[in-house]
Amino acid sequence: MTDTLADAVSATPEPVWPIPSSLSPSRVSSFTSCPMQFRFSSVQRLPEPPGVATTKGSLVHRAIELLFELPNTQRTRAALDHCLDSALAEYATHPDYVGLRLDERGAASFERDCRKLIERYFDMEDPTMINAIGLELRLAAQVGSLELRGIIDRLELDDDGELVVTDYKTGRAPSGHFEQKSLSGVHFYSFLCEAVLGKRPAKVRLMYLSSGETIETVPTAQSVRFIDTRTAAVWKAVERACTTGEFRPNVSRLCDWCSFQEWCPAFDGDPDLAATEAVERYEQLTSTASDTAG
Ligand code: SF4
């Protein structure tokens, strides 16, 4: 680990809010997109209602993970169909699925979309040729009081014995302008690989299953250093926001999907009510989900 990030993780004055003890790519992205949302989700850790897109993504990830647990020669289209069946069965009583409260038509459409995504996956690569050495691999590196962590969808060895990080995406591929930004998550993973496994991956890939596009990049010493510097800057900003209590709302298109909009000051909400109301809303939803599941 370089000194840059280690220097940033230092003693701080008494904070208004507890400072999170870990950072992941999604937390870095959450803070840089909207500090106010970061406060709700990562500092106060308020529960969010499940969303169709997120649950679909988790379920498809699970189906592909099950496929890669099979020996190479058994990774066929039919096998992936069975893996999706298993994933659907696993999720049938999961709060993230039941909480969606899909009617019969909605559930059929949800399943149809999942099948389309795994069908597209098979057009993108031949899983029998992949030498996967890690699935849903959790990596964490301690830097002072801060833990950097991430979950790698798939870590594999290429024909030259080099590491390759692959991340599946079920959303749309970004336009060229946002491509580099979307790669920062996988660069973070290559940073973790180097810190934990002592080896920088030869390649990082994002597979966009909805469009069939793959974005690849080769991590370099410079890209790893950039993650180090950027994470240090984000960490400093997180510390500052927790210490002062000032989490700025950043209004953008993402507000349309924000679970905390009704408590956001940018939308005339009172953030101090979120702690009780968001929990009540979630409990109501999950108790309805349990009733439905039962
Ligand atoms: S509604 Fe928008 S500005 Fe407010 S917390 Fe959510 S993302 Fe941030």
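Colour the protein chain by pLDDT, the predictor's confidence in each residue, from 0 to 100. Confidence is lowest in helix α1 (residues 3-8), with a mean of 60, and highest in helix α5 (residues 77-91), at 97. The chain as a whole averages a pLDDT of 88, and 89% of the residues score at least 70. Helices here are DSSP runs (H or I, at least four residues), numbered from the N terminus. This is a predicted model, in which local features need pLDDT of at least 70 and side-chain atom pairs count only at pLDDT 80 or more, while totals for chains, interfaces and linings use all residues. Residues are numbered from 1 along each chain as its sequence is written.

**First stop: α2 and α9**

Select helix α2 (residues 25-33) together with helix α9 (residues 221-244); they pack at an angle of about 60°, with their axes 11 Å apart. Axes are lines fitted to C-alpha atoms over the stretch in contact, and angles run from 0 to 180 degrees between N-to-C directions. Now show V28, F31 and T32 in α2, which meet T231, V234, A237 and V238 in α9 (contact means C-beta atoms, placed from the backbone, within 7 Å). The residues of this contact divide into five nonpolar, two polar and no charged. Ala, Val, Leu, Ile, Met, Phe, Trp, Tyr, Cys and Pro count as nonpolar, Asp, Glu, Lys and Arg as charged, and the others, Gly among them, as polar.

**Second stop: α2 and α3**

Display R27, S30, F31 and S33 in α2, which meet P35, Q37, F38, S41 and S42 in α3. By class, this contact has three nonpolar, five polar and one charged residues.

Select helix α4 (residues 52-68) and helix α7 (residues 104-124), whose axes come within 10 Å and cross at roughly 45°. Which residues of α4 meet α7? They are V52, K56, L59, V60, A63 and I64, facing F110, D113, C114, L117, I118 and Y121 in α7. This contact has 10 nonpolar, no polar and two charged residues.

**Last stop: the ligand**

Finally, select the ligand, which 14 residues surround (C-beta atom, placed from the backbone, within 6 Å). The closest are C34, P249, C255, C258 and C264. By class, the shell has 11 nonpolar, three polar and no charged residues.

How values were computed
Helix = DSSP H or I, 4+ residues; strand = E, 2+ residues; numbered from the N terminus. Contact = placed C-beta atoms within 7 Å.
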